[in-house]
Amino acid sequence: MEGTVPAPPGPEGPPPRVRRKAARWGAGLLLALVSAPLLCRACDVDGVTPMPQLLAFLPWLLAPAGAALVLAAGTRWVVGCAWGLLAVLGTLCFLPPYEAGGAAASGPEVARLRILTANLEFGGATPGLLEALRREHPDLVSVQECSPEECAPALESARLRAAYPYRIVVGGGRAQGSALLSRFPLEPDGSVRGTLAMPRALVRVAGTRLLFQVAHPMPPVAGGVELWRTELGRVRAMAAARGEAPTVIAGDFNASQDHAAFRAVLDTGVRDSAAAVGRSRTPTWPSLTAPPLGAQIDHVLLSPSLEPRSARFLDLTGTDHRGLVVDAVLHG
């Protein structure tokens, strides 16, 4: 009987020591990626690119932090395990809504308001906005990226004029244009200076003068972080100077509660409606992945005399943002 010839040994993988070293390096890189924005969040700063961009998606840092913790535990890397656990706990610590401690609404109920904000992405979601107006019947509407080619003419239609006889439509570019629609009488009250139009109006509601401000600062793109910070700072200055007037600031802030520049706006005493009713982490951008993945950068902020009762998010065809509808009560 002939003997069998043993098969040649197959290629061996890297030795355990090399695999362990590679896993530790991978864990360290993931933890470095996670730790930098967490440190910015803890220090109440936004930093420089890419920190503001990463901060927008802070809740999703749990994924790389968790993966790094698993890698560190698998290789018995004590320092990595402690680092990974700290990163996971640190991320979890920042997930609750940011509470600025504004006073609660009090006094008799004067009026009930429905407020809608929508970014139309160069006017592409104009048909979706018109449908939302027919369906939701909001009292106050903040529109961003109201293009002169599609959005502005649509808002001038006889039907829209009848439903919203009071309005401000400004800005000459596809992204620069903004609109403010109201069922109640209003008068222009200036604007927040910015690259994109941010008009403001004094609205008369049940004998009360209410400030209604459109918000649309530039986004924190690479090379534009300082401009974003400056324009958000101007929104904050407007909120701080509002006095005793009931105030609504609604729009695409290009910022989430994990950005120090946005928290500075909340620190003036205005409240984020979605957060107040338990919807603080509902993504509004980009609509392609939201929900479940995205960032909440579209907000309706209310001064203390306005009490938010509900917040609903709308999917509008033709834009990378989701709309937001807030029901609120105005107290005297």
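**Basis.** I worked on a predicted model, with pLDDT of at least 70 required for local features and 80 or more for side-chain atom pairs, while totals for chains, interfaces and linings use all residues. Residues are numbered from 1 along each chain as its sequence is written, and side-chain values use heavy atoms, without hydrogens and water.

**Helix pair.** I looked up helix α1 (residues 16-42) against helix α3 (residues 62-74). Helices are DSSP runs of H or I, at least four residues, and strands are runs of E, at least two, numbered from the N terminus. The two axes come within 8 Å and cross at roughly 150°. Axes are lines fitted to C-alpha atoms, for helices over the stretch in contact, and angles run from 0 to 180 degrees between N-to-C directions. α1 and α3 are therefore roughly antiparallel (over 145 degrees).

I then listed the contacts (heavy atoms within 4.5 Å). On the α1 side I found Ala 23, Gly 26, Ala 27, Leu 30, Leu 31 and Val 34. They meet Pro 64, Ala 65, Ala 67, Ala 68, Leu 71 and Ala 72 of α3.

**Sheet.** I traced an open sheet of six strands, ordered β5-β6-β7-β8-β10-β9, with mixed pairing. Strands pair if DSSP finds at least two bridges between them. β5 (186-191) and β9 (271-272) are the edges; each has a single partner strand, so one side of each lacks a neighbour in the sheet. β5 pairs with β6 (residues 199-205) in the antiparallel sense over four bridges. I noted Ala 201 in β6 as the bridge partner of Pro 188.

**Covering helix.** Helix α8 (residues 225-240) lies across β6, β7 (208-215) and β8 (247-252). α8 runs at about 165° to β8.

Note on methods: Parallel < 35°, antiparallel > 145°, perpendicular 65-115°, else oblique.
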